[in-house]
Amino acid sequence: MTDTTPAAAPRAAAFTTHSPATGEPIAEHPVNGPEAVSRAMARARTAQAGWAVLPASRRRDHLLRWKKALATDLDAVARTIAEETGKPAGDAALEVVLTLEHLAWAARNAERVLRRRRVRTGLFTVHQRASMVHRPLGVIGVIGPWNYPLYTPMGSIGYALAAGNAVVFKPSELTPGTGVLLARLFDAAVPEHAGLLTTVTGTASTGDALARAGVDKLAFTGSPETARKVMAVCAETLTPFLAECGGKDAVIVTADADLSAAADAIVWGALSNAGQTCAGVERVYAVREIHAELCERVVERAGALRPGAGADAAYGPMTLPGQVAIVERHVTGAVSAGARALLGGPESVRAPYVAPVVLTGVPENAAAMTEETFGPVVVINPVADVDEAVERANASRYALGAAVFCRDGRAGAAIAARLRAGAVSVNSVLGFAAVPALPFGGSQDSGFGRIHGEEGLRTFTSVQSTTVQRFAPPIALTSFDVPAATRERAVRLARALHRRR
């Protein structure tokens, strides 16, 4: 007898996330393939049509309602972040707070930044009324990182939504729960526009599917190597691409700097989040006369810190298991090349934790100086003067963030102006990250494009230019009926005007 029982539908592929601290499983998530991503795209496209026609004030109100929901559920969001990344609860809560600041700014400033504005015309176009307006692109794809799974992608998501777009978000496979929760809170806060933010989960294949799904722009955060691969896919369809690819950020400390403040900032910038910060501190160039004292102060502060999973831990484990080997290679290679370990060393690496490491005398061509370490390691090298410090800071193929410590703020700003970094803090580290109005981004291997601020809103729009003829022109130059003599007079007039200084 033939068995007529229907076959069970094949189970969708899934993956499990694990605690970076304990290795224990956290949750299971689907690996969304091309079909699932296409459905998310279709849902987002439908939702965006209704979102784009709303008055900017209505979009603002909806986004502020979402912000309120995130603030109300701050503990739950921070708990998810901490669970998936291993970072301390306080650090996760701070990440949510910074995100709220940026979302509030984007929601409240989109109308002012993107509204239609008049543009002055010239002598031969005085009869035209000219204007320009920034219009939403449509559906934005966002591929997010694992180190700051809320704050970093929201630099694209929040600003893209405020500009009138929909978003399909693919979080890191290490932190999918944060992305799922983010979209769920949006749908709950703004049910009439559910689907405007959709999260798809999976591994690299899901990111590839998103890049091929017909998004109107793709914002990516990750390594330069992965960015090149994703960008190549986008190039096939001329899909605009925004990339933030990390850094090898430098700090310059002058002879007259407040060394206590500099040491405090350097230790925090280098060790917070276990050093897993794209714009964190990895290289320090201190003028020779204060180098030894600065090193002593940094070692004293860093030596008091310990990683761990407890409430008293300064920072947590390495979130990405494979990063431990990179940190170990950089530290071991630097010491083998003649560097001195002022604190810690190769023995500091005890997966999944890395204790603080402070190095000095590291050759400038060592991996610890040229590659992104992305761990709790800082190099403090001496330099003869500020000119040498600037030269060395600029020698990196990364150009994301930097900092300058100098007694005189104006002098520090002058040094900052000489650096190639996309964002510079004077007498603090990462000061720019908490200012929503400031654009953020880098160049070279740090990527291109800007998020945050007015630039961050405009980057998710296209510009439409419009002219409206107000009256017949005195000299009509765009007609075959124009007499040659009239055209010649216009040419003579223009020539005479432009020969003036």
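**View 1. Helix α8 and the largest pocket of the predicted model.** Helix α8 gives the most to the lining of the largest pocket, contributing six residues, in a structure that is a predicted model. The volume of this largest pocket comes to about 950 Å³, and its lining is made up of 38 residues, of which W146, F220, G222, S223 and T226 lie nearest the centre. The elements that each give two or more residues to this lining are α7 (204-211), β8 (217-221), α8 (224-236) and α11 (323-336).

View 2. E244 belongs to strand β9, which covers residues 241-244. With a relative accessible area of 6%, E244 counts as buried, because the cut-off for that class is under 20%.

**View 3. The open sheet of seven strands.** Seven strands, in the order β12-β15-β16-β11-β10-β18-β19, form an open sheet with mixed pairing. The edges are taken by β12 (340-343) and β19 (423-426), each of which has a single partner strand, so one side of each is left without a neighbour in the sheet. From one strand to the next, the twist averages 25°. Helix α14 (residues 409-416) lies across β10 (250-253), β18 (401-405) and β19, and runs at about 160° to β19.

**View 4. Strand β16 and its two partners.** Strand β16, spanning residues 377-383, is mostly covered, since six of its seven residues are buried. On one side, strand β11 (residues 283-287) is joined to β16 by five bridges, and these two strands run parallel; here V287 stands opposite V383 in β16. Strand β15 is likewise parallel to β16, with three bridges joining the two, and in this pairing V357 has V377 of β16 as its bridge partner.

View 5. Although L342 and T360 are 18 residues apart in sequence, their C-alpha atoms are 7.0 Å apart in space. Not counting residues up to four places away in sequence, L342 touches C295, V299, V358 and T360.

**View 6. The largest cavity.** The count comes to four cavities of 30 Å³ or more, and the largest cavity has a volume of about 90 Å³. Its lining consists of 14 residues, of which R283, A393, Y398, G401 and A421 are the closest to the centre. Two or more residues of this lining come from each of α13 (386-394), β17 (398-399) and β18, and β18 is also one of the strands across which helix α14 lies.

Conventions
Residues are numbered from 1 along each chain as its sequence is written. This is a predicted model: local features need pLDDT of at least 70, side-chain atom pairs count only at pLDDT 80 or more; totals for chains, interfaces and linings use all residues. Side-chain values use heavy atoms; hydrogens and water are left out. Helices (H or I, at least four residues) and strands (E, at least two) are DSSP runs, numbered from the N terminus. Buried means under 20% relative accessible area, exposed over 50%, partly exposed in between (1.4 Å probe, protein chains only). Two strands pair if DSSP finds at least two bridges between them. Axes are lines fitted to C-alpha atoms, for helices over the stretch in contact, and angles run from 0 to 180 degrees between N-to-C directions. Contact means heavy atoms within 4.5 Å. On a 1 Å grid over the protein atoms alone, a cavity is a set of points where a 1.4 Å probe fits but cannot get out, and a pocket is an open set with protein on both sides within 12 Å along at least five of seven lines; lining residues have an atom within 4 Å of a point. Grid points are joined across faces, edges and corners, and a volume is the space filled by probe spheres set on the points.
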